Amino acid sequence: MPLAIVPVALFGLVIGSFLNVVAHRLPDRRSLVKPRSACPSCATPVKPYDNVPVLSWLLLRGRCRSCAAPISARYPLVEAGTAALWVAVAAVHHADTTKLVLGLALVTILVPLALIDFDRQILPNRITYPAFVAGMVLGFAIDPAGQPDRLLAAAIAGGTIGLVALLMPRGMGMGDAKLLAVLGVFLGSSVAVAVAVALVSGTLVGAIIVGRVGMAAGRKTAVPFGVFLALGGVVAVLAGEPVVEWYLSTLG
Ligand SMILES: [Zn+2]
């Protein structure tokens, strides 16, 4: 296992580099493959040797090679963060193929969703719909016996929040409901842990923001709920099952 960490981390870095492109281009319906990445300041295409995840940003000290315009630290952070997520999922679930595959797929989907929701307050159907289909197909292919539970979790989680979104359109949107259906189809009953983490972290961060800038300004700067659902999804992938088992044991 310790040796396998290196290829998993390297692959996670490459995936993270692609997820940066997805978060940057997909909301504008631009191609994810063409053209090559270019500097937003001087439009010079990024050379392949300047496009190595994390390393290039460090060597260039966060600046474009041609015009020295600053390159956001978010790019290497997303790459390193994706690699860390892949290593964490592999470390926790390496003995269970179903959880390993579903976990890796889900955290990979959640990274661009969180970034796009943070940037633009939308959770694009062009990610949530194919993600739901991918979760159904993967679950059915690897673990057909567990499929009814996951579909039930998707229906309950997506349906409940969909109803909340319809009744209280200010709090949550249909994008959140669709993301919850995605979380349900990948996580099964652990989706409850994702919801709990999202509610607690969202309330906490909301209170901190309101405390610092006041109620009126706080409402405008509020972090969208999809970001917290994504965080909850990651926690549920890594620790969902033990938390659900612990909770059920307290019920006797
Ligand atoms: Zn430049």
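Let me begin with what I call a donor: an N, O or S atom within 2.8 Å of the metal, or 3.2 Å for Na, K and Ca, and since water is not among the atoms, sites may look incomplete. Now, a word on the model, everyone: it is predicted, so local features need pLDDT of at least 70 and side-chain atom pairs count only at pLDDT 80 or more, while totals for chains, interfaces and linings use all residues. Residues are numbered from 1 along each chain as its sequence is written, and side-chain values use heavy atoms, with hydrogens and water left out.

So, which residues hold the zinc ion? They are Cys39, Cys42, Cys64 and Cys67, each through SG, at 2.3 Å. Along the sequence these donor residues follow the spacing C-x2-C-x21-C-x2-C. The arrangement is tetrahedral because the 4 donor atoms subtend angles of 106 to 112°; for four donors, that label asks that all angles lie between 85 and 135 degrees.

Where do these cysteines sit? Cys42 lies in the loop between α1 (5-25) and α2 (55-59), and Cys64 in the loop between α2 and α3 (74-93), so the pair ties together parts 22 residues apart in sequence. Helices here are DSSP runs of H or I with at least four residues, numbered from the N terminus.

Buried or exposed? I use under 20% relative accessible area for buried, over 50% for exposed and partly exposed in between, with a 1.4 Å probe and protein chains only. Cys64 is buried at 12%, whereas Cys42 is partly exposed at 29% and Cys67 is partly exposed at 35%. As for disulfides, meaning pairs of cysteine sulfur atoms within 2.5 Å, the whole structure has 0.

In the loop between α1 and α2 we find Pro35, joined to Lys34 by a cis peptide bond with omega about -10°. Val54 is in that loop too, and it has a positive phi of about 60° although it is not a glycine. In the loop between α2 and α3 there is Arg61, a non-glycine residue with a positive phi near 50°; Arg61 is exposed, at 73% relative accessibility.

Last, the helix packing. The axes of α1 and α4 (residues 97-120) come within 9 Å and cross at roughly 35°, where axes are lines fitted to C-alpha atoms over the stretch in contact, and angles run from 0 to 180 degrees between N-to-C directions. Contacts, meaning heavy atoms within 4.5 Å, involve residues including Ile15, Leu19 and Val22 in α1 and Val111, Leu115 and Ile116 in α4.

Conventions:
Four donors count as tetrahedral if all angles lie between 85 and 135 degrees; four count as square planar and six as octahedral if opposite donors are over 155 degrees apart and all others between 65 and 115; anything else is irregular. Helices (H or I, at least four residues) and strands (E, at least two) are DSSP runs, numbered from the N terminus.
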